[in-house]
Amino acid sequence: MNCLSGNTDVLLEFGRHRRIRSFSNAVESERALVQTDADETASDVRLFTETSNRTVHEVVTGTGDTVEATADHPFLTPDGMVELDDLSPGDEVFQRQFEGLPDEEPPEFVVLDERDFVDEDPQLVRALKERDLLPLLSTDDAFARLLKLVGFHTGDGSFGSGSQTWFYADPEDCEAIRDDIAALGFTPSKVYERDRQHSVGGNEFEVTEYSVRSTSNAFRQLLRRLGAPAGKKTQSDFTTPDYLDRLADWQVAIYLSAFFGAEMSAPAAVSAKNFFAPSVSHNRNVEVAEAGEAFLREMMGYLNGMGIRTNALETVEHGSNAAGETVRYRFGVSSEASNLVRFLSTVGYRYNREKRRKSALATAYLKTKERHIQDRARIAREAKAMADGGASISEVKSSFDVNDRFLERSVYEGRDGRPRPAADFPDYDAFVDGVQTRGLAVATPIESITELGEKSVYDIGVTHDEHNFVADGFVVSNCGVRMVKTNLTYDDVAGREEELVDALFDAVPTGLGGGGVVTGDAETMTGALERGLDWAHEAGYATRADLEHCEDGGYRPDADLSKVSQKATDRGRNQLGSLGSGNHFLEVQRVTDLYRDDVADAYGLSEDQLVVLIHCGSRGLGHQVCSDYLRRIEEEHAEFLEDLPDDNLAAAPAGSELAEDYYGAMCAAINFAWVNRQLITHQVRETFADVFDTPWPELGMELLYDVSHNIAKRETHEVEGEERELFVHRKGATRAFPAGHPEVPTAYRDVGQPVIIPGSMGAGSYVLRGGDESMERTFGSTAHGAGRLMSRTQAKREYRGEEVQSDLREHEHVYVKAESGATIAEEAPGVYKDVDEVVRVSDELDIGDKVARTFPVLNIKG
């Protein structure tokens, strides 16, 4: 088992760190920080292990950072996760430069309760209670989120007319603010954009301003009572909130860093190798100038208490505004290297990704520079000692690979103190240009790996799809349609299309009957129907990341096996892991177009990348479940069917025994469909591994998302101003939840749920993201595909399968294989509507926004 030594610090949510060995008593209540390609997210810790007597190694990097781990522990590198045993000095590993503050238990006290809102409408108090925000305790996670929001709002927010609360930031930071507002139970707006005219020194210029707002009066009043200033800030007498004095340092740092994200300057080089002091300035009208001075002095005091030195407070400017004379105060964080590193790595900035990115680079540079200086000081001492012991200057010079002049000064002048960096040590700009980053992690070369002997070691497991966490700064690892990503490009498969399509066709059963990948014995069928992908994971066919990238985690808890007929079970028994027939398919595609780079980056999509689309469902089992209950509905509710608007519709009254029985059976069929697609995914991964002679994890074959088609689910939606539980039927539709929705996986919550829209073999497919208007317009839904223009019978009259197959290969370079020519004819490109038009409508309605387009490379039809 891959593990870390007990003294390793794990980075947690809200800027805290804790020793890994201390997780044993609190594993269910913590959230570790996970590194992603775009940034970071917090993930529940769901596993803790302790193992005795394992050999550990110490890893030291060029920044002077260390970690102790077993040889099989994986580290994030530019080439992906690599076990320590396969790394050597000179190889690079990714490190997070933000370490946070110790996870000190804060004193518990009531920050706000009902008495703080006695002047408000009782409905407001009820709204806060419903969201578990009253009473608000100092130990609540919600309070930590509110500290961020209050701090940032104090710097760059405002209270508008009515109940509006505004925050102003860059678009991606607005999304992070939206996420925290939503996590508190309130509904944030979309990110607004507008151009504004500004004038500075007589020069007119235009800037684009981005913002997000809440229209909840309860949210507004909550922030005000927590210290967010109302009215014109320059005319207000606010200081830092009184409750900060009672909090743990990491909580105070949340407030400070959010304010600094809005108001403090970013790290910047003042010369080739040195930095400015990051500074924050603050304006007040002279009538409240003392409060303004106190506000900054209190912040300075909090930083000093955390061991971060600040420069003296300055009065830098007197000016005026519409209300009269103003005074401007400023203080900076001392730019001495170790002090600046401590500030950037423990407090830093929140809600400002660009400042955080610059902080990571500046910290890595300063630590690398300090390591270099310490090494030169050591060499100077050793050179002087050698000379004092009788060694000649030539012997000294031959012992060290440094500049001769530096050694001569060390020997003859005996210079003490701190040496300067060598002339060839890179300037900051050159360092930034040459370093690789991933999100907020910086690639750093390994300096040494040393075996330390045997120790007790520990590990944790996180629920996030990345399965990594940050330890001592190192990033270490621990009918529907689905898209599987790869790190291959079109060039990797060009010339090998026929080989790959034949291998996949052999590995994945197709056709009307279709065998399965596994034998559906009683135990297997029970597991698949009742537990969905949880069963597949336990059986070794799925990874934990697969579950986390699947709608509902690949499991419908309402499944009721007893409501599935024996006939339905028998039909599915030999079909687990098969495509079936009709419009179901397996398609290898290449990404041809990106429309939203930020969302594509969050999804892990790039141009020319190969992806695999798998479109299939619950096979004969699901069809039989539907048939069984349609027959019962016709027998028990014939009079009800007469009132439906279409003869093809059937329904049982919600709440009836028949409706509940059908829902339980349908949920079991949904679980079966997820397992079916997962087993196909398993076969696809193994086939790619064989064809490309590379283990599938090294091919980056991760599940982007699995989203269901043609199902009904209980969901809560707003109808005429009230939240109601509804059965949402998505027939010819698919779920498309927007950014911020709690049911969107954490990895995608900032950008919205992936939506996969298959087109045809000749037109390609699309990846969308759930649009901001989907909840209001379509109960969180959009189209699930291009849709047919003609029936299968007509298609077979119009097209010949062999000609379609030949034309696609000759003109579009698409390799198609199927059980029969008739199947290909039924699915000819001309049979389908224009997928571009379908997606255009979705995009313009803002129910599903275009992210990427894909085009087939090879296709297998059922």
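Some conventions come first. The model is predicted, so local features need pLDDT of at least 70 and side-chain atom pairs count only at pLDDT 80 or more, while totals for chains, interfaces and linings use all residues. Residues are numbered from 1 along each chain as its sequence is written, and side-chain values use heavy atoms, with hydrogens and water left out.

Let me begin with the sheet. Helices (DSSP runs of H or I, at least four residues) and strands (runs of E, at least two) are numbered from the N terminus. Two strands are said to pair if DSSP finds at least two bridges between them.

How many bridges join S18 to strand S19? There are seven, and S19 covers residues 324-332. As one example, His318 has Val327 in S19 as its bridge partner.

I turn now to the interior. A residue is buried under 20% relative accessible area, exposed over 50%, and partly exposed in between, using a 1.4 Å probe and protein chains only. A nonpolar core is a set of buried Ala, Val, Leu, Ile, Met, Phe, Trp, Tyr and Cys residues joined through side-chain atoms within 4.5 Å. The largest such core has 86 residues, and those with the most contacts inside it include Leu256, Phe260 and Phe343. Helix H5 gives the most to this core, with 10 residues. Apart from it lies another core, of 35 residues, among them Cys550 and Tyr663.

Contact means heavy atoms within 4.5 Å. Leaving aside residues up to four places away in sequence, Phe260 touches residues including Val280, Met299, Phe331 and Phe343.

Is Asn339 buried or exposed? Asn339, which is found in helix H7 (residues 337-346), is buried, because its relative accessible area is 2%. Beyond residues up to four places away in sequence, Asn339 touches Gly307, Ile308, Arg309, Val333 and Ser334.

The expected span of a helix is 1.5 Å times one less than its number of residues. The 16 residues of H2 should therefore span 22 Å, and the end C-alpha atoms are 23 Å apart, which agrees. Of those 16 residues, 14 are buried, so H2 is mostly covered.

Finally, I come to the hairpin. Strand S27 (residues 703-719) and strand S28 (residues 722-735) run antiparallel, joined by 10 bridges. Thr716 has Glu725 in S28 as its bridge partner. Two residues separate the strands of this hairpin, and Glu720 in the turn has a positive phi of about 50°. S28 also pairs in the antiparallel sense with strand S31 (residues 781-783), over three bridges, and Thr734 stands opposite Thr782 in S31.
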